[in-house]
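Let's take a friendly walk through a protein model. Keep the structure open while you read, and look up each residue as it is named.

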Amino acid sequence: MELKWLLCVTLLALGILALQAHDTDEDNDADDVVDIEDDLDDGIEDVEESKSETSSAPPAPKVTYRAPVPTGEVYFVESFDKGTLDGWVLSRAKKDDTDDEIAKYDGKWEVQDMKETKLPGDKGLVMVTRAKHHAISSKLSKPFVFDTKPLIIQYEVNFQNGIECGGAYVKLLSKTPELNLDQFHDKTPYTIMFGPDKCGEDYKLHFIFRHKNPKTGKYEEKHAKRPDADLKTYFTDKKTHLYTLVLNPDNSFEILVDQTVVNSGNLLNDMSPPVNPPREIEDPNDQKPEDWDERPKIPDPDAVKPDDWDEDAPAKIADENAVKPEGWLDDEPEYVADPDAEKPEDWDEDMDGEWEAPQIANPKCETAPGCGTWQRPMIDNPNYKGKWKPPMIDNVNYQGIWKPRKIPNPDFFEDLEPFKMTPVSAVGLELWSMTSDIFFDNFIICTDRAVADDWASDGWGLKKAADGAAEPGVVGQMMAAAEERPWLWVVYILTVALPVFLVVLFCCSGKKQPSAAEYKKTDAPQPDVVDDEKEEEKDKGEKEEEEEEEDANEEKLGSDADLGSASQEEEEEEEEEDRKPASEEEETVNRSPRNRKPRKD
C-alpha cells in the first residue's frame, strides 16, 4: 500500500513538472498572454548573431541571411539575391490553338522578398499574376550531357497564397538548334519536367522525361509512378519546401521533398508507359473463328419441363384466411375535400377550370382500422415457380476465351540506358495558375550530391531555421490548431483527463473493508480474507486457546487446593467442637458438689 501511494505521488509530481516545463508566464497587459516558444535546433546556432544570456526567458534567436554560394561545380545556380532578372528571358510567344485574348504569355514575373519573410534580404522569383500564361527561362552555364555523372535538380517553392489550380514545376529544355528562349512555350522540346502540380484535390509531384525511340526517332513522355506519400501539406501550409530530383547513371532515381525521399524507382521498371515496348504483340490481323465456343456452361439439351410446372401461376395471391377488421368503414373514402378550403378570389373558371377543394385525410378514418373497400392482403404463392428454364451443364465443346495469337513486335527495341537522354541547355518555367504570388528560389543543377546539400543548407536551411525560431512551441501550435478545428479541444481534454483519471483510479481504488462491528449490525456475509490473514488469525486463535486452557488448569488447581484446605478446616473445627463439649462436661462434673472433695482443715 505504501508503494502504491509513493508511485501515485511520483506520477503527480512528474505531471506537475511537465506542465511547468511548458508554461512561461509573461504579464504583458491586463490580459494574461502566455507565449511558449521552442528553442532553436543546434544547427541554428551557427547562424546566430547574438543570444541574450539573462536570467529571464531568452528571446527568439535571430537568424541572419547570407546569400548561398555553391561549393563545387554547377551547371546552373540562381538565388535572385541581386534583385534583378539578369540572365533570364521573358517569353513573348503565343500558345497555339488558343484564343488570342489568352494565348499570349503575358504573365508577370518579379524578384521580390517573400511575404511574411523571416529572413530580410532573401529574395526570390515571384509569379505575380493569376489566370495568365507565364514563361521565363535561362541558359545553363554549359549544356548537361547524360553520360557517367548523375543529374541533380533542386529548387524551392512557396505557395504564399495557397494554390487552387496550377503548377510550380520546372522544365529542362533540350539542346536543339531551334531553341529560342524568347519564344519559349508549351510545345518547346524539353528533356525533363519536374515539380509540384495541383488542381482540385489532385496533388501531384511530376517527374516526366521524354524518351527518344531509337527506331522511329520520335519522342514519348514517360511518367514516374505516383508517390505513396501524402503531398497535401506541401501545397497548403504556406511554407517554403525544397524539391530535389536525383537521376543516376544506373537508371535509378530519387525524388525528395525537404530532403526526405517521397518517391524512388528505376527508369526501366517504374515509368508509364514502359521505356521498352514488349517483344511480342497480338496479331492485329488475327480473327476469332466462327465456330469458336467460349461458353463454359450451356443449357441441358435433354432436360424437359415437368408436367406440373405452371408458368402462369402468379407470384402473389390473396390471403384467403384474412378477415376484415371490425369497425372497418366501407362507405367512407380515405380522402375528402377540405371543408375549410375557399376558392381564391382571382380564380378564373374560364382560364383555370372548375375549382375543387384540395383533398385531405378523412377525419373519420383516424379512429377506424381503415376506410374504403376492404381487400384481402396479398401473400406469396406457394405454387409459384416462374418460367421454366433447363438446368446448365458443362459445355463439352468449351474452348476458352479466344485471344489473338502473338507475333514478334515489329517496333520492339531494347534501350538499357534510358538515363542517356537528350542533353539540356536551359531551364525554364512555363506555367498557368489560378493563384498568384508563387515564390521560387535557389535553383541549382549539378552532379554532386554534397554540393546540392550544402546549397540547400545555406538557403532552405536558413528559411527553416528562421521559421522554427518564429513559430510558437508545441502548446502554441496545438492552440492554433484547435482554433481552426474546435473538435480538437475534445481530443486535448481526453488526452489530459484520461491519464489523470487512471492515476486517481490506481491510487484511490483500494476497497474499504467493513469493520466487525458493522457486520454484527447486519446479516451481510463477511468477505474472504487473504491466506496470510487466515494463517495469522489461526495462529492467534490457537495461542489464545492454549492460554485459556492454561488459565483453566490453574483455576482448577487453585479451586481444588481451596476445597482441600476448606475441608481440613471444617474437620478441625468439628474435632474442636467434639473436644469442647467433652471438656465442658468434665468441668461441670468437677464442679458438682458430689464430686467435690472435702477440704481439710
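The report below goes from the overall picture to rings, a hairpin and disulfides.

## What you're looking at

This is a predicted model, where local features need pLDDT of at least 70, side-chain atom pairs count only at pLDDT 80 or more, and totals for chains, interfaces and linings use all residues. Residues are numbered from 1 along each chain as its sequence is written, and side-chain values use heavy atoms, with hydrogens and water left out.

## The big picture

The protein has 10 helices and 27 strands. Those are DSSP runs numbered from the N terminus: helices are H or I with at least four residues, strands are E with at least two. Of its 601 residues, 31% count as buried. Buried means under 20% relative accessible area, exposed means over 50%, and partly exposed is in between (1.4 Å probe, protein chains only).

Now for contacts, meaning heavy atoms within 4.5 Å. Take the contacts with a separation of 6 or more: 74% of them are between residues 24 or more positions apart.

## Rings that pair up

A search of the whole structure turns up 16 aromatic pairs. Rings of Phe, Tyr and Trp (its six-membered ring) pair if their centres lie within 6.5 Å; planes under 30 degrees apart are stacked, over 60 edge-to-face, and the rest tilted. One of the pairs is Tyr75 with Phe144, edge-to-face at 5.0 Å centre to centre with 75° between the planes. Tyr75 lies in strand 3 (residues 74-78) and Phe144 in strand 7 (residues 132-144), so this pair ties together parts that are 69 residues apart in sequence. Tyr75 is buried, at 9% relative accessible area, and Phe144 is buried too, at 0%.

Next up are Tyr155 and Phe194, an edge-to-face pair with 6.3 Å between centres and 85° between planes. Tyr155 sits in strand 8 (residues 151-159) and Phe194 in strand 11 (residues 190-199), which puts them 39 residues apart. Both Tyr155 and Phe194 are buried. They also belong to a cluster linked by ring pairs, whose members include Trp88, Trp109 and Tyr243.

## A charge over two rings

Which rings does the charged end of Arg210 sit over? One is the ring of Tyr190, with the charged end 5.6 Å from its centre. Another is the ring of Tyr219, at 4.6 Å. To count, NZ of Lys or CZ of Arg must be within 6 Å of the ring centre and within 35 degrees of the ring normal.

## A hairpin to find

Strand 15 (residues 252-257) and strand 16 (residues 260-266) pair in the antiparallel sense over 6 bridges; strands pair if DSSP finds at least two bridges between them. Val257 stands opposite Thr260 in strand 16. The two strands form a hairpin with 2 residues between them, and Asp258 in the turn has a positive phi of about 55°.

## Two disulfides

The whole structure has 2 disulfides, each a pair of cysteine sulfur atoms within 2.5 Å. In one, the sulfur atoms of Cys165 and Cys199 are 2.1 Å apart, and the link is left-handed, with -95° about the S-S bond. Cys165 is in strand 9 (residues 165-167) and Cys199 in strand 11, so the pair ties together parts that are 34 residues apart in sequence. Cys165 is partly exposed at 22% relative accessibility, and Cys199 is partly exposed at 43%.

A disulfide also joins Cys365 to Cys371, S to S 1.8 Å. This link is left-handed, at -125° about the S-S bond. Cys365 is buried at 18% relative accessibility, and Cys371 is buried at 6%.
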